[in-house]
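User: I'd like to learn how to read a structure like this one. Could you take me through it feature by feature?

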Amino acid sequence: MSANKTLVARNSKELADALGLTEADRAAMEIQFELAEQIALETRRAGMTHAQLAQLAGASRPRVTAILNGNLDGVSTDLLLRILAALGVRVRLRFHRAA
């Protein structure tokens with residue numbers, strides 16, 4: 001009988017370490033989750049359904065539902081940015097050197 005061990009990651013760095021991701025992959029994952037969180041917030045603010053958002057953004061409803069549920073497997077950053085643009089949100093990037 002094998003026992004499963006539960007792992008709790010408190011931040012994206014811990015999750016990336018647990019998954020064996022590179023620092024670049026961790027940064028990409030973190031950006032995507034921030035974009036998805038903003039999409040969920042803006043969708044709630046607009047009082048839109050998943051189907052309405054999908055139509056507005058030119059995406060499928062199942063894909064939009066997955067994004068709003070935090071499932072970003074196979075979702076491109078480009079799609080997330082296009083959805084935010086459809087919601088009338090302008091994304092601004094800021095760059096700084098890593099510590």
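Analyst: Let's begin with exposure: a residue is buried under 20% relative accessible area, exposed over 50%, and partly exposed in between, using a 1.4 Å probe and protein chains only. Take L41: its relative accessible area is 27%, so L41 is partly exposed. Across the protein, buried residues make up 26% of the 99 residues. Before we go on, this is a predicted model, where local features need pLDDT of at least 70, side-chain atom pairs count only at pLDDT 80 or more, and totals for chains, interfaces and linings use all residues. Residues are numbered from 1 along each chain as its sequence is written, and side-chain values use heavy atoms, with hydrogens and water left out.

User: How many helices and strands are there in the protein?

Analyst: Helices (H or I, at least four residues) and strands (E, at least two) are DSSP runs, numbered from the N terminus. Here you get five helices and zero strands, so the order from the N terminus reads α-α-α-α-α. L41 is 16 residues from D25 in sequence, and their C-alpha atoms are 24 Å apart.

User: What radius of gyration does the protein have, and how does a compact globule of 99 residues set the scale?

Analyst: The radius is taken over C-alpha atoms, and the globule rule is 2.2 Å times the number of residues to the power 0.38. For 99 residues, a compact globule would come out near 13 Å, but this protein has 16 Å. Along the principal axes, the C-alpha atoms fill a box of roughly 45 × 45 × 20 Å.

User: Which residues touch the most other members of the largest nonpolar core?

Analyst: In soluble globular proteins, nonpolar side chains tend to be buried together. A nonpolar core here is a set of buried Ala, Val, Leu, Ile, Met, Phe, Trp, Tyr and Cys residues joined through side-chain atoms within 4.5 Å. The largest one has 19 residues, and I39, L53, I67, L80 and I83 touch the most other members. Helices α2 (23-46), α3 (50-57), α4 (61-68) and α5 (77-86) each supply at least two residues of this core.

User: And which residues does I39 touch, not counting those up to four places away in sequence?

Analyst: Contact means heavy atoms within 4.5 Å. With those sequence neighbours set aside, I39 touches L53, I67, L68, L80, I83, L84 and L87. For the protein as a whole, 47% of contacts between residues at least 6 apart in sequence join residues at least 24 apart.

User: What about the segment after α5: is G88 buried or exposed?

Analyst: G88, in the segment after α5, is exposed, with a relative accessible area of 66%. Its C-alpha atom is 9.0 Å from that of E42, 46 residues apart along the chain. Leaving aside neighbours within four places in sequence, V89 is in contact with E42 and L84.

User: Where does R92 lie?

Analyst: R92 lies in the segment after α5. With 64% relative accessibility, R92 counts as exposed. The C-alpha atoms of R92 and M48 are 24 Å apart, although 44 residues separate the two along the chain.
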